[in-house]
Amino acid sequence: MVKVDPFANATKQVNDACDILKIKDKEIRRYLAIPNKVLRVKIPVKMDSGKIRIFTGFRSQHNNDRGPYKGGIRYFDPEGGVEYMEREVMALSSWMTWKCAIVNVPLGGGKGAIYVNPKKEKLSAGELERLTRGFAYKISEIIGPQKDIPAPDVYTTGREMTQIMDTFCKLDGNKYQPGVITGKPISMGGSLARNVATGLGAAYTVREAAKTIKMSLKGAKVVLQGFGNASTFAGINLEKMGAKIIAVSDSRGAISIPAGAKVAKILEHKKKKGTVVGFPGSKKITTEQLLTTKCSILVPAALENQITAKIASKLQCRILAEAANGPTLPEADPIIYKKNILVIPDILANSGGVCISYLEWVQNNMGYYWSYDEVAKKMEANITKGFKDVYARSKKYKVDMRKAAMVLAVERVTEAFDQKGIWP
């Protein structure tokens with residue numbers, strides 16, 4: 001197992017919040033930290049070669065005191081292997097619980113994964129579908145519109161979600177149940193604004209943070225780590241607010257663009273070349289140089305564990321908006337706080353996705369669908385209120401925004417737990 005244990009990090013965050021709230025009962029802390037259920041399954045798939053291959057999949061259901069479990073399914077192969085992935089999925093399901101509580105949507109936390117990298121391994125469409133449907137079959141007993149509602153995540157798309165929905169519905173007597181999963185294509189009951197949700201939500205939180213520290217977004221310099229869906233839509237919407245992108249990265253490298261560039265132009269270059277590297281007027285830099293570039297807003301939107309204590313000591317941003325899950329190590333938080341950098345923690349900054357997922361689920365359940373503007377407005381209301389509630393806790397308890405977010409979330413989950421009690 002690799003050195004960093006994501007579930008240990010997630011547990012520490014729960015305990016830190018309990019310290020602030022003076023929750024001393026060790027068993028209540030364990031209740032808040034440990035998932036209700038972690039299902040590990042083997043998925044046999046007949047490959048195009050005719051050979052059978054066994055894949056390993058997971059579904060972690062962390063907490064459902066406030067509503068059905070909710071969270072993505074990722075196809076990925078993290079360093080550390082299958083055992084690490086299990087800990088990662090447990091942590092991610094925990095963060096989903098807190099994320100839902102912060103933006104006050106009535107859902108709990110879940111997360112799923114299959115240990116495979118379909119891009120690296122170049123799985124065919126048929127192999128990918130057989131894998132997806134096999135996984136859906138294995139987890140079908142624990143998911144459902146009122147039980148556990150998955151969604152897309154790393155290397156999964158609306159197509160995989162549709163296949164999971166179709167498999168589940170056929171196993172359940174061909175009942176049409178689009179609410180079993182979110183992140184579906186519009187034609188299959190998906191919601192408008194879903195494709196931009198995470199990035200748009202992150203931009204909304206940056207806007208609120210800028211107001212809080214009285215920083216103008218006009219001409220504000222932005223650094224985007226990762227150049228996927230979340231960061232590109234965050235960048236596009238921050239551009240609309242007056243900001244300028246001066247550095248970006250993808251899986252093949254990082255670049256500095258001192259004069260600034262439009263996200264659309266960088267995307268055009270990436271589409272042609274397969275990477276942001278080589279963009280006209282740019283200079284190739286290291287990941288450390290990217291993260292420590294002097295800027296107004298840093299948006300880490302890649303994978304976990306990017307900002308270490310060493311990186312934190314060199315940060316030169318005013319706002320750090322965590323569009324990725326778990327990009328900052330716990331050791332870095334006190335350093336960032338002392339530098340007076342306003343952190344928008346991941347469970348708030350990237351909560352746009354779960355807000356729209358919730359709204360998609362609501363639309364599926366009632367069979368009525370809203371316009372793009374209606375959905376975006378509802379999501380904006382949840383996220384801006386979430387930011388204000390978290391910031392208020394940070395001032396009340398004199399703590400950083402991450403601890404404040406966890407305090408708010410733990411408050412809301414324990415309130416639900418206190419009302420329900422334990423049965424059976």
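Buried here means under 20% relative accessible area, exposed means over 50%, and partly exposed is whatever falls in between (1.4 Å probe, protein chains only). The model is a predicted one, so local features need pLDDT of at least 70 and side-chain atom pairs count only at pLDDT 80 or more, while totals for chains, interfaces and linings use all residues. Residues are numbered from 1 along each chain as its sequence is written, and side-chain values use heavy atoms, with hydrogens and water left out.

On to the aromatic rings. Rings of Phe, Tyr and Trp (its six-membered ring) pair if their centres lie within 6.5 Å; planes under 30 degrees apart are stacked, over 60 edge-to-face, and the rest tilted. That rule gives four aromatic pairs. One of them joins Phe76 and Tyr155, with centres 6.0 Å apart and planes at 50 degrees, so this pair is tilted. Helices (H or I, at least four residues) and strands (E, at least two) are DSSP runs numbered from the N terminus. Phe76 belongs to strand E3 (residues 69-76) and Tyr155 to the loop between strand E5 (148-152) and helix H6 (158-171), so the pair ties together parts that are 79 residues apart in sequence. Phe76 is buried at 12% relative accessible area, whereas Tyr155 is partly exposed at 35%.

Phe387 and Tyr391 make a stacked pair, 6.3 Å centre to centre with 5 degrees between the planes. Both sit in helix H15 (residues 372-397), four residues apart, or about one turn of the helix. Phe387 is buried, with 2% relative accessibility, and Tyr391 is partly exposed, with 25%.

H15 also packs against helix H16 (residues 401-420), at an angle of about 105 degrees and with the axes 8 Å apart. Axes are lines fitted to C-alpha atoms, for helices over the stretch in contact, and angles run from 0 to 180 degrees between N-to-C directions. Angles under 35 degrees count as roughly parallel, over 145 as roughly antiparallel, 65 to 115 as roughly perpendicular and the rest as oblique; H15 and H16 are therefore roughly perpendicular. In terms of contact (heavy atoms within 4.5 Å), residues of H15 including Phe387 and Tyr391 meet residues of H16, among them Met401, Leu408 and Arg412.

Elsewhere, Glu304 is placed in the loop between strand E10 (297-300) and helix H11 (309-314). Glu304 is buried, at 12% relative accessibility. Leaving aside neighbours within four places in sequence, Glu304 touches Arg74, Glu88, Leu92, Asn325, Gly326 and Pro327.
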